Amino acid sequence: MQQKAQKISILGATGSIGKSTIDVISRHPDLFSVFALTANNNIELLLQQAHLCSPEYVVIANPKQFQQAKKLFSEQQLKCEVLAGHEALVQVACAPDVDVVMAAIVGAAGLLPTLAAVKAGKKVLLANKESLVMSGDLFIQAANEYNAQLLPIDSEHNAIFQCLPADFKYGDLCSSGISKILLTGSGGPFLNTPIDDLHQVTPDQACAHPNWDMGRKISVDSATMMNKGLEFIEARWLFGLEATDIEVVLHPQSIIHSMVQYLDGSVIAQMGNPDMRTPIAHALAYPERIESGVPPLDFKQLADFSFTEPEIARYPNLELAMQASNAGQYATTTLNAANEVAVAAFLQGQIGFMQIAQVNNECLQQTSTHNLESIEAVLESDKTARRLSASIIDNLSRTELQKVGS
Ligand code: NAD
Ligand code: MG
């Protein structure tokens, strides 16, 4: 008997992960049908995607774009209903008809819709690592309570998931004979740049990742290695790990996407070309396998295959994230918010590349320990950290201007 196609909502459809998801599902129209596509502002791309995928709903998150979106969709006689605003993101994430939710909004804006999908007990494909970094324990508790199936899209976590034994129990490395999780990272575009030159690098240089084609926020995070820091926190929550269970290893070729080391000396690695369609296809089809469009790895072309340790002076954000992860939920929520504000300021030319870590550090230093026992408390803490980091950035910019003027 032929299986019914699974209905999917793609949150953040117009982004890098969203586009790769549409590429994969378009190869399997018998397996997937689209319930909803969402975007923040990009109506043009959303229109093109709607022509291709025939969704039942599209959501434009920015309410200011609603009238324009409605006009264009009706002019092109697209049958889908056009919704707007953040409430609508939540609605299409938890609608009863939806089987699968791709959570691919960037940043804290992804938290509430992703959590809504979790609380509706959906199969949630988690790309939006920030939601887990912000609300770790609450998020995992909700996934357990509402029986949501969480599948990691981040290539490293998807790799770890593939390398763990099928009967792996959350947080219990010992019973599975695991000694360590090796979280790999490329080191980004400035792996070999003299550290003294990092102050002057431009947003475009920071976004030119050597192996991966990604959105601008995560590209900057990869260059500072905050991305690996957020992934360190993400891995702890996804698999129930202690900080000492994880070792970060630099692997500039991005062919191995992470590894699991066992007590007997075996190391199981997941490999593939650096293309997010592989983890996306893996999670979409799990536990089956489907074709993703990614060319097979050609080992004869792999001249270099190297591994090193990340330098702390080059990647202060990595260290900060590890410290925050040990300090507790308030610290990772604060760091995530500060980093989003600092990265946006760097992309707008307001602060320098190395000042991203400075803002993050000052924001953490100026925030006192507090408990986060509800999502409301998480959102409040996020807001406070955003205000604080914005004022730290203003002070930094003023000091820079005074230096120029004197
Ligand atoms: P992107 O910037 O390319 O796309 C972001 C998407 O989110 C877009 O559709 C945009 O319209 C939407 N969006 C942005 N702000 C929004 C808001 N305020 N409200 C609602 N929607 C909003 O980002 P990306 O590179 O696709 O990354 C998406 C997520 O996936 C991030 O959390 C990132 O860390 C994670 N991720 C990405 C990659 C990658 O290769 N790109 C790899 C691993 C994890
Ligand atoms: Mg990753």
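This is a predicted model: local features need pLDDT of at least 70, side-chain atom pairs count only at pLDDT 80 or more; totals for chains, interfaces and linings use all residues.
Residues are numbered from 1 along each chain as its sequence is written, chains are lettered from A and ligands numbered from 1 in the order in which they are written, and side-chain values use heavy atoms, with hydrogens and water left out.

Polar contacts to the ligand are pairs of N or O atoms within 3.5 Å. The side chain of Thr-14 places an N or O atom 2.8 Å from an oxygen atom of ligand 1. Backbone atoms also take part: a polar one of Gly-15 is 3.1 Å from a ligand oxygen, and an N or O atom of Gly-12 lies 3.3 Å from an oxygen of the ligand. Ligand 1 taken alone exposes 830 Å², and the protein buries 87% of that (Shrake-Rupley method, 1.4 Å probe).

An open sheet of seven strands has the order E4-E3-E2-E1-E5-E6-E7 with parallel pairing. Strands are DSSP runs of E with at least two residues, helices are runs of H or I with at least four, and both are numbered from the N terminus; two strands pair if DSSP finds at least two bridges between them. Strands E4 (81-84) and E7 (149-152) stand at the edges with a single partner strand each, so one side of each lacks a neighbour in the sheet. Strands E1 (residues 6-11) and E2 (residues 32-39) run parallel and are joined by five bridges, with Lys-7 opposite Ser-33 in E2.

A further open sheet, with mixed pairing, consists of four strands in the order E9-E8-E10-E11. Its edge strands, E9 (246-250) and E11 (267-271), each pair on one side only. Strand E10 (residues 256-262) pairs with E11 in the antiparallel sense over five bridges, and Met-259 stands opposite Ala-269 in E11.

The axes of helices H12 (residues 316-327) and H13 (residues 329-347) come within 6 Å and cross at roughly 150°; axes are lines fitted to C-alpha atoms, for helices over the stretch in contact, with angles from 0 to 180 degrees between N-to-C directions. Contact (heavy atoms within 4.5 Å) involves residues including Leu-320 and Ala-324 of H12 and Tyr-330 and Leu-335 of H13.

Note on methods. A polar contact is a pair of N or O atoms within 3.5 Å; within protein, one must be able to donate a hydrogen and the other to accept it, and residues adjacent in sequence count only if both atoms are side-chain atoms.
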